[in-house]
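Hello,

I am handing over the structure we talked about, with some notes on what turned up in it. Please have a look at it first and then read on.

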Amino acid sequence: REDLRGTYAGLAAPPPIAYLQELGVTAVELLPIHHIIDESFLADRALTNYWGYSSIGYLAPHASYAAAQSELGDQLREFKGMVKALHKAGMEVILDVVYNHTAEGNHLGPMLSFKGVDNAAFYRLLPDDPRFYMDFTGTGNSLNVVQPSVLRLIMDSLRYWVVECHVDGFRFDLASALARELYDVDRLSGFFDVIHQDLVLSQVKLIAEPWDVGPGGYQVGNFPVLWSEWNGIYRNVMRDFWRARATVGDFAARLAGSSDLYETDGRKPSASINFVTAHDGFTLADLVAYNEKHNEDNLEDNRDGTDDNRSWNCGAEGPTDDPTIVALRARQQRNILTTLFVSQGVPMLLGGDEIGRTQGGNNNPWCQDNEISWYDWSLDEAQREQLAFTKRLIALRRAHPVFHRRHFLHGTSSTEFGLPDAWWFRPDGRRMTHRDWESHDGHVLGLFLNGREFPDRDARGREIVDDSFLLLVNAHHEDVDFALPAGRYGRRWTLELSTAEPALEAGAWTVGPRDVLPTVARSITVLRLAHGAT
């Protein structure tokens, strides 16, 4: 139904639910649904705030996102119905919440609510000139979370969405701004204390966007226990690696769960929300098609949006009919998707990346409620192939705990089998050396993942046993031959998938120890240990 597009009821309808289930999604993270007010300058440009990062009502779902508009409270009932439908389908609901600033803007912005109630209490003001606002968010103002009344508002809002609407967790926009006490970001701030002590909120998923635009705001890896984080370092490294700008050491650290960021304070791989693309920035298709942003439609002379895209257009800027470039772009998308779903941690897939959605090079379409941001569901053959490949990757990950371990990899053994939980190797089949890890010219490595090496048990106390896998990663611009590891790691390996030949089915061919396997430039090959071949 056309009247349901872009609404709570639309997401709860059977076709979207079935699509998400078939894709293999287990949680849906929604952009802000708090009630918002558009910035006044957008109306002058005939644009709207499409993303919703201008909250003004923290205890109400945005009315325009509801299909039903006839009675007061329709939007709330519709939102609750959407959550119930997603839960029934086996998916959690996570809300993106914006408690760092409001829609009232800077000293020139409108007085809508908090400014009129108690401007000095609700907002951080410049100490030497309180007419102006401190701005750690890039929006003109910053909520004063140090003030007890503001903290109470945030807590009441969070509890409401959990207790009354049954959401499963939150992603906190620019979370570093919430952790600032007098000025600096403080992981022992009152904001964290209150949430950790709350009987309701301490039990839901807490995800930080661990940065803001203020000094010292980049805090990836520094949030406390109970918190997961959008791992911006993972994003940057993986983008760089697949354009040959990152070392294999950096790549391996992120693939293995970023223990350097999360292990020392007692957190687990699930603390790392791994992503390569998000709403903010290029889509996956644009990441491999554009070197530069193309935000002219935002009517800011292409000044908005980041210039740090870490993208590579594969040889031509934007659309092309060159078959070599088209094929390389498709393979690069498969490489990034495969990397994401075999990494330890929690993968986050930007909606639309599974079908190669493009924004025409716009990396900041926050004001584009039009074809730039919308999904085009008339998929061509290449998009259908990418969707099928993504489903295959998600199914592989969900079926095999070796790709989502509850503890970090250490390269050691804790069971009687004697093989390490992970073993990194060179194309000659030998162990990686210190020099190999630090080489800036090396963009090729292999990984053995041991499916018999799980020190813990599942939720029912049963021993965890999985298949073992080999990952052969070639981000080099030339084909590379891989010699497989010695027989102690496995006597017969079978193809699971190849980003160079996505149509090949699992089990299409087998290889043995020390066999030499050619890998195509810029590709990943995943092998599974054949049953009975240990």
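Which residues in helix 6 meet which residues in helix 8? On the helix 6 side they are Leu 151, Ile 154, Met 155 and Leu 158, and they meet Gly 190, Phe 191, Val 194 and Ile 195 in helix 8 (contact means heavy atoms within 4.5 Å; helices, H or I with at least four residues, and strands, E with at least two, are DSSP runs numbered from the N terminus). By class, this contact has seven nonpolar residues, one polar and no charged ones (Ala, Val, Leu, Ile, Met, Phe, Trp, Tyr, Cys and Pro count as nonpolar, Asp, Glu, Lys and Arg as charged, and the others, Gly among them, as polar).

Before going further, a word on the ground rules. This is a predicted model, in which local features need pLDDT of at least 70 and side-chain atom pairs count only at pLDDT 80 or more, while totals for chains, interfaces and linings use all residues. Residues are numbered from 1 along each chain as its sequence is written, and side-chain values use heavy atoms, with hydrogens and water left out.

Back to the helix pair: the axes of helix 6 (residues 148-163) and helix 8 (residues 190-197) come within 11 Å and cross at roughly 35° (axes are lines fitted to C-alpha atoms, for helices over the stretch in contact, with angles from 0 to 180 degrees between N-to-C directions). The crossing is right-handed (the near helix is turned clockwise from the far one by less than a right angle).

On the overall layout, the chain is divided into domain 1 (1-97 + 147-230), domain 2 (276-399) and domain 3 (410-529), with bounds from an automatic or database domain assignment. Between the C-alpha centres of domain 1 and domain 3 there are 39 Å.

The search used a 1 Å grid over the protein atoms alone: a cavity is a set of points where a 1.4 Å probe fits but cannot get out, a pocket is an open set with protein on both sides within 12 Å along at least five of seven lines, and lining residues have an atom within 4 Å of a point. Grid points are joined across faces, edges and corners, and a volume is the space filled by probe spheres set on the points.

The second largest pocket lies between domain 1 and domain 2, because both give residues to its lining. This pocket holds about 1400 Å³ of space. Its lining has 48 residues, and Thr 137, Gly 138, Thr 139, Asp 280 and Asn 364 lie nearest the centre. By class, 16 of the lining residues are nonpolar, 21 polar and 11 charged. Helix 9 gives the largest share of that lining, three residues.

There are three cavities of 30 Å³ or more. The largest cavity has about 70 Å³ of space, and its lining includes Arg 239, Trp 242, Arg 310 and Trp 312. By class, that lining has five nonpolar, two polar and three charged residues. The second largest cavity has a volume of about 50 Å³, and its lining has eight nonpolar residues, one polar and one charged.

Best wishes
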